[in-house]
Amino acid sequence: MGSPLHLDRWPLAQRLKMRHLLLLVQLDEQRSVLAAADAVGMTQSAASKLLAEVETALDAVLFTRHARGVEPTESGLVMVRHARKSLAELKHAHAEVMAL
């Protein structure tokens, strides 16, 4: 096996869930907290709370809030890119398991 992940040393290890990843992708696509929340089936306040959780864990602002919506920061673009990759891998893994 490879080296241990040491999840206790990674700030998101205990908190990051698929819904966080889905929200990040939708925030990037929709550029609106309300629209992103609707797209993932949650309230706007729940979406804002989830985003705040990720930003706090990373100690980074991922989206700049404006009166007209949100815009990803450089850190946000990095997280969105990795969220997309992670979700694609999970979808692929699911399809592979279902094909067995």
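1. Let's start with helix H2, which covers residues 33-40. Its buried residues are Val-33, Ala-36 and Ala-37; buried means under 20% relative accessible area, exposed over 50%, and partly exposed in between, using a 1.4 Å probe and protein chains only. Helices (H or I, at least four residues) and strands (E, at least two) are DSSP runs, numbered from the N terminus. Looking down the axis of H2, you'll find these buried residues within an arc of 100°, so they line one face of the helix. The arc is taken from the directions that run from the helix axis to the C-beta atoms. As background, an α-helix has 3.6 residues a turn, so residues three or four places apart point the same way.

2. A quick word on the model. This is a predicted model, where local features need pLDDT of at least 70 and side-chain atom pairs count only at pLDDT 80 or more, while totals for chains, interfaces and linings use all residues. Residues are numbered from 1 along each chain as its sequence is written, and side-chain values use heavy atoms, with hydrogens and water left out.

3. What covers the buried residues of H2? The cover includes H1, helix H3 (44-58) and strand S2 (69-72), where contact means heavy atoms within 4.5 Å.

4. Now for what sits around H2. Ser-32 caps its N-terminal end, with a side-chain oxygen 3.4 Å from the backbone nitrogen of Leu-34. Just after H2 comes Gly-41, with a positive phi of about 75°.

5. On to charges: the whole structure holds 4 salt bridges, each a side-chain nitrogen of Lys or Arg within 4 Å of a carboxyl oxygen of Asp or Glu. In one of them, Arg-31 pairs with Asp-28, and the closest N and O atoms are 3.2 Å apart. Arg-31 is partly exposed at 36% relative accessibility, whereas Asp-28 is buried at 12%.

6. Asp-28 also meets the side chain of Arg-84 in a salt bridge (3.2 Å, N to O). Arg-84 lies in helix H4 (residues 74-98) and Asp-28 in helix H1 (residues 18-30), so this pair ties together parts that are 56 residues apart in sequence. Arg-84 itself is partly exposed, at 34% relative accessibility.

7. Which residue of H1 also links to Arg-84 in H4, 55 residues apart? That's Glu-29, whose salt bridge with Arg-84 spans 3.3 Å, N to O. Glu-29 is partly exposed, at 47% relative accessible area. Through shared partners, salt bridges join Asp-28, Glu-29, Arg-31 and Arg-84 into one network.

Technical notes. Polar contact = N/O pair within 3.5 Å; in protein donor to acceptor, adjacent residues only side chain to side chain.
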